[in-house]
Amino acid sequence: MLFHTMVGSNDIQRSKRFYNAVLGTIGASEATINMAGSGHTRLFYRNPTGTNFIVTEPINDEPATVANGSTVAFSCSSPDQVQQFHDIAIANGGTSVEDLPGPRESAMGTIHLAYMRDPDGNKLCAIYIPA
């Protein structure tokens, strides 16, 4: 359903270091750097399934801000990968939020989650849902 999700950054090089490390835990290659027609830098993380995650300098030249109530969730292949995603995020300038990483009961049964914020404050989730 989704083609891409985009978040803003106030320090694109910091975001590149953060997301290259964090998204590498789930098999994403390093960002492709794109210069928008406006001259603003964007980082593209492409997934073979056709979805994209993009980090951008805001093209209106205003500071990047976080969306209250928004979370970008990344699929993981195991509970261990959820923990690794979280730990690498924290080691690269992210902040752990909510409960510690681990299992949660849900309508889908037991799932594994970790919530964190990137260095710009965007809320991220690493999630594993058993088949």
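Select helix α1 (residues 12–24) together with helix α2 (residues 79–91), which pack at an angle of about 165° with their axes 8 Å apart; helices here are DSSP runs of H or I with at least four residues, strands are runs of E with at least two, and both are numbered from the N terminus. The axes are lines fitted to C-alpha atoms, for helices over the stretch in contact, and the angles run from 0 to 180 degrees between N-to-C directions. The angle makes α1 roughly antiparallel to α2, a label given to angles over 145 degrees, while those under 35 count as roughly parallel, 65 to 115 as roughly perpendicular and the rest as oblique.

This is a predicted model, in which local features need pLDDT of at least 70 and side-chain atom pairs count only at pLDDT 80 or more, whereas totals for chains, interfaces and linings use all residues. Residues are numbered from 1 along each chain as its sequence is written, and side-chain values use heavy atoms, with hydrogens and water left out.

Staying with the helix pair, show the side chains of F18, A21, V22 and L23 on α1 and of F85, I88 and A89 on α2, which make the contact (heavy atoms within 4.5 Å). These residues divide into 7 nonpolar, no polar and no charged, where Ala, Val, Leu, Ile, Met, Phe, Trp, Tyr, Cys and Pro count as nonpolar, Asp, Glu, Lys and Arg as charged, and the others, Gly among them, as polar.

Next, turn to the salt bridges, of which the structure holds 2; the term requires a side-chain nitrogen of Lys or Arg within 4 Å of a carboxyl oxygen of Asp or Glu. Select R14 and D120, whose closest N and O atoms are 2.8 Å apart. This pair links distant parts of the chain, with R14 in α1 and D120 in the loop between β7 (109–117) and β8 (123–128), 106 residues apart. D120 is buried at a relative accessible area of 15%, and R14 is partly exposed at 27% (buried is under 20%, exposed over 50%, partly exposed in between, with a 1.4 Å probe and protein chains only).

Then select E98 and K123, which meet in a salt bridge at 2.3 Å, N to O. E98 lies in strand β6 (residues 95–106) and K123 in strand β8, so the pair ties together parts that are 25 residues apart in sequence. E98 is exposed, at 52%, whereas K123 counts as buried, at 16% relative accessibility.

Finally, select N52 in strand β4 (residues 52–56), a residue that counts as buried at 10% relative accessibility. Leaving aside residues up to four places away in sequence, N52 touches F3, H4, T5, Y45 and R46.
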